[in-house]
Amino acid sequence: LVDAGLVKESGGVAGSVTKVTSGIGGQSRLGFRGVEDLGNGLSAVFALESGIKVDDGALDNSTSTLFNRQAYVGLKSKELGSFTLGRQYTMLYNAMSQVADPFGAGYAGSIKNLFATAGANTRVSNAMVYASPVVNGFSGELLYALGEQAGDSTAGRQIGFGLNYAQGPLNARLVYNNRNQDTAAVGTTPAKKQDEAKNTLLAVNYDFTVVKAFFAYATDKGLNSSPIPVANAFGYKTAPKPSTDARDILIGVSVPAGPGNVLASYTSKDDKTVNNQDATQWALGYIYPLSKRTSTYVAYAKIKNKNGAGYTVGNNNEAGTGDKAFNVGIRHSF
Amino acid sequence: LVDAGLVKESGGVAGSVTKVTSGIGGQSRLGFRGVEDLGNGLSAVFALESGIKVDDGALDNSTSTLFNRQAYVGLKSKELGSFTLGRQYTMLYNAMSQVADPFGAGYAGSIKNLFATAGANTRVSNAMVYASPVVNGFSGELLYALGEQAGDSTAGRQIGFGLNYAQGPLNARLVYNNRNQDTAAVGTTPAKKQDEAKNTLLAVNYDFTVVKAFFAYATDKGLNSSPIPVANAFGYKTAPKPSTDARDILIGVSVPAGPGNVLASYTSKDDKTVNNQDATQWALGYIYPLSKRTSTYVAYAKIKNKNGAGYTVGNNNEAGTGDKAFNVGIRHSF
Amino acid sequence: LVDAGLVKESGGVAGSVTKVTSGIGGQSRLGFRGVEDLGNGLSAVFALESGIKVDDGALDNSTSTLFNRQAYVGLKSKELGSFTLGRQYTMLYNAMSQVADPFGAGYAGSIKNLFATAGANTRVSNAMVYASPVVNGFSGELLYALGEQAGDSTAGRQIGFGLNYAQGPLNARLVYNNRNQDTAAVGTTPAKKQDEAKNTLLAVNYDFTVVKAFFAYATDKGLNSSPIPVANAFGYKTAPKPSTDARDILIGVSVPAGPGNVLASYTSKDDKTVNNQDATQWALGYIYPLSKRTSTYVAYAKIKNKNGAGYTVGNNNEAGTGDKAFNVGIRHSF
């Protein structure tokens, strides 16, 4: 998939900027995946997926990890479910991008601008994932990611699970994600105990045919449970403080209009700490398909920050620089 | 494409060196590209292309950009031309490698040893390119690359255009490239105004069947318009100074001989500044095809530097270390 | 090929650690290779192969070299043998992984835990390799890798050769590898003369059908001829000293059992220097194939270090952290 377009961001401390950006709606990517049938309903699966920037050709992650999107191998059974090992999506992120957000976690209106998806909340390395088979629309998923720190088996580990229901027009997921942020002793550096980051999310959408309605509610508790994507985008004297106790809400719609779809969403973050740094976002977009594999799009979103909050309008791939952004671009799957 | 061979460079300050080198004739590369027909003469196109070094397996660029050669997505119409977005070639480089140089900007005789192609003169990120359809052999191209610097929309931008004619034995291009080298203020670092780099090139070749003749004339004006590939290859007390006002000329031939082609060129740089650091280059090569996809080659070139000039004989992929170089190698397209 | 599993390492200074690891049996990899028939028994060949980590998606080498496993292009003749240019395996490593070790240089029992394979002993850049055709089971290989240091043609070069015999149940190789570790003068840094690393290996296996027997004997002489994979894994006051004169022995078996194979080996390093830091390793494993392309495995190995030796149980891809390790995982070729 390649996705590139123009982004105009304004409201940031350094002024407006117009950019050619990659991955506005979904990160541009290139991958390899495969399934081998082993007989008896059993199969071997693998995936290697690279996130790339079509604007400058670079790998799309700060650490230059080649297959930073996904890298796993595992076994899949029709009756017993699948077990996979490697770098994988969290249930939390999948629920946001696949169920909660009409913008699919992309474009100016991305749920990621306010909900907590940063870093290991999206994908996690060294993860074992078990996914149950689907029974009457219900399925479950379980993730356990090792911290791999010598001498302390809980330090740095991550646990997640999801309960999913998908049948007819209704799609619902209840997910939980817990990151242990302790670090083990290394050489003469002593071990460090830190609060866990706990995120819980209920995501629902229902397709009424004339309109598809979206709803999400999340709670973020503990250190790093609700990170701010850009440290101090508005140049405040006192930088915004990440909340350690927040509630997030999204209400959205996707309305078929002409050959494409109008998307709209209202997202809010309610900071329950003493700082009370709340924010709300309005977003509007239109996706115009040129074929099943290619589409063009426009989107606009605006955030209102309160009490020194510092949230920015980004897109699937960038955190943004200001409180307003306009996108226009093209997206092509291959 | 994989291209590797032996290179012996001599005349540099550190003495002679014999190397296994990748990309002597053309950078070794691996890419993905596609076209989707959208109907009505419209199609979606994309390309992702990686430059690699077959001698040690590394990515072939100092910044480890994965798809440093090309990365773009766009739309192409038979009647209206094409519009592409991403990391793309400049018209300047295409004219040099495709029309001006019998060595195709590769091997010891590369036009790049003296003409100005360094850095963003070859490819540029965040670029929008419009290419017109061909009418009676004529076509035009326009490039606009955003500087993406907050608060200043002209800083760092690049503009290029080309007027092309190709019909029968004649192939001609007139191209212009302009790089704005200003930088916007970032945090407490103030904005910096710098002279623009302006390059103009006329490239012509004509196929007389018994010989194909090549001619190119270029002017390079402004800061960084004529960079020196290696800072001080000959260990002078006073390092060579890049010219800010230069004229470049190339005269070359490609002569069918036996199963292959003999290539020869004379290239000169005339530095019009007070430093008068001129240089001339003679080059000779032979390409021997083993099949349509595979060929072997030998090439030799020698530069004469005047008044403390410091140009080096490189190849498509390396800047070289001395004023003489010999190449022998193999090239295989896949 | 993707290979991932769980590894539990114990006995190291920082305590036990359980990890999701990639490349336990063989490094996970992704590559491109091709052959073009040029007629008359001649063909052009190339390979580009990337080592990857399925546990976190990263490139599997400390220098982020994209095609760090292999990158070469060359010509192959049925009658004259093949000549290839680029980054290639040493004869030394091929003999260890293909002939000497029942574990194929992978899993907890890897020959690499004690034999000398680190760094340029496995693969070497800028290498020219000539491989003769096979005559009555005999064949020979010759490697010459340029040091590419200006002004000194021997500094940093590597030379290797192998004499191979493979016919019926017998497989034998005698290989030699010599690394010149001199460095040439660069700028004001003077040249440095250093002892060469010389490794000689005899590797033999014989298939008795009910059991396949393996034997290897190696001598390691000179600086860096017998490196220690982990500097001081056990936290000794005096770090272990790499031997400059050592003898290595491996005795192993592979026994068909049920659908799979039981593997076992005994490996020892005899340090002939005054430090006398010897080590011995016992290893046991079972490979259970799910198909021709997919298998699961378990393996265990334990090292006994003597006189302050510091060898660790790793696997194909990791050097390990302790003197014991247990592996369980899955491997899938694609």
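A nonpolar core is taken here as a set of buried Ala, Val, Leu, Ile, Met, Phe, Trp, Tyr and Cys residues joined through side-chain atoms within 4.5 Å, where buried means under 20% relative accessible area with a 1.4 Å probe and protein chains only. The model is predicted, so to speak of local features requires pLDDT of at least 70, side-chain atom pairs count only at pLDDT 80 or more, and totals for chains, interfaces and linings use all residues. Residues are numbered from 1 along each chain as its sequence is written, chains are lettered from A in the order in which they are written, and side-chain values use heavy atoms, without hydrogens and water.

The largest nonpolar core has 51 residues, and L48(A), L66(A), L66(B), L48(C) and L66(C) have the most contacts inside it. Beyond its neighbours within four places in sequence, L66(B) is in contact (heavy atoms within 4.5 Å) with residues including L66(A), L59(B) and L66(C).

Turning to the B–C interface, 30 residues of chain B contact 26 residues of chain C. Together the two chains bury about 2300 Å², 74% of it on carbon and sulfur atoms; this is the accessible area (1.4 Å probe) lost on putting the two parts together, summed over both. Strands, which are DSSP runs of E with at least two residues, feature on the chain B side: β1 (2–10), β2 (17–22), β3 (29–39) and β17 (324–332) each give two or more residues to it.

In chain C, K237(C) is found in the loop between β12 (212–226) and β13 (243–257). K237(C) counts as exposed (over 50%) because its relative accessibility is 89%.

Note on methods. Helix = DSSP H or I, 4+ residues; strand = E, 2+ residues; numbered from the N terminus.
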